[in-house]
Amino acid sequence: MELREVIGRRRSIRFVRPYQPVEKEKIQMMLEAARLASHWGNVQSLRALVVFRDGASPATLEAIQAPVAGWQIRNAPVVIVWYIDTAAVDEQSQRLRELVDAGALGFGSVEKRREALEQQLLPIFEGIRESLKLPGLGEVDCGQGIAQATLMAFELGLGTCCLGTPNGEQIRAALKLPQSARVLLLQTVGYPAEHWEAGGQRPRQPFEKLFQMNSYETPFPRSEKVVEQLREDKMFTAPAPLPGREAELDYLKRALDLKGTGLI
């Protein structure tokens, strides 16, 4: 399957089969994809603690519960706690040295690149090291890793949903993550109980409202030819709601024994 089709098909899957375990090998593939993602300065601050529902302690399962969409966490065979470890910035000098030795940073001989790194670049980064631990670019690059893991999950036939939580600090403490850690999100993983289309393409704001070219006043021009090409490549799918979605939701509610009505 082409990447464009993968992007078009990938949806947040909220309904997964609670009775079907997810193989550890498939979770490893997701983590391998995240590990290879680009990260500024090669710092690689993205971390993950994987919780398998069938093997985790009651205390761990309780720790990752969320006030919103808690039923998704309870039903999911696997929940990945993605977090950033800001202490990785303390190792940045070594990571940059590795880039120099690998030929990925600078020009000229290895000796000259190393000299330039030690005398020019590292003193700059040392001066701003603590500021680099603040929320910002690190989270952006961690997001790239999570996105690659998510695409890998889809390729493996898995469904995932990324959930924010206001309890990041409590989760960090309960799971005994280091003080230097910030919880980014929880990602449920399982085999989809709903169709992969999940009701169709969710609403998106107009292209021209989101992107500009050269100045804020100038929307990025959207070529219909490009749109048509991507439609042929199956990156664009039918908009929600698809026929039968309400019946599917009613079935899922009963099959998964979800209480209440309205938002679930």
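I began with Gln 44, which is partly exposed, with a relative accessible area of 33%. I keep in mind that this is a predicted model.

Next I looked up the backbone of Gln 44. Its phi is positive, about 60 degrees, although Gln 44 is not a glycine. I noted this because most residues other than glycine have a negative phi. Where does Gln 44 lie? I found Gln 44 in the loop between H2 and S1.

I then checked Asn 42. Asn 42 is placed in the loop between helix H2 (24-35) and strand S1 (46-52). Asn 42 is not a glycine, yet it has a positive phi of about 60 degrees. Is Asn 42 buried, exposed or partly exposed? I read a relative accessible area of 22% for Asn 42, so I wrote down "partly exposed". The cut-off matters here, because buried means under 20%.

I moved on to helix H10, which spans 224-232. Which residue caps the N-terminal end of H10? I found Ser 223 there. A side-chain oxygen of Ser 223 lies 3.2 Å from the backbone nitrogen of Lys 225. Then I looked just after H10. There Lys 234 takes a positive phi of about 70 degrees.

My last stop was Pro 241. Pro 241 sits in the loop between helix H10 (224-232) and helix H11 (245-255). What kind of peptide bond joins Ala 240 and Pro 241? I noted a cis bond, with omega about 0 degrees. I marked this one because most peptide bonds are trans.

Definitions and conventions
Residues numbered from 1 in each chain as written. Predicted model: local features only at pLDDT ≥ 70, side-chain atom pairs only at ≥ 80, totals over all residues. Heavy atoms only, no water. Helix = DSSP H or I, 4+ residues; strand = E, 2+ residues; numbered from the N terminus. Buried < 20%, exposed > 50% of the residue type's maximum accessible area, 1.4 Å probe, protein only. Polar contact = N/O pair within 3.5 Å; in protein donor to acceptor, adjacent residues only side chain to side chain.
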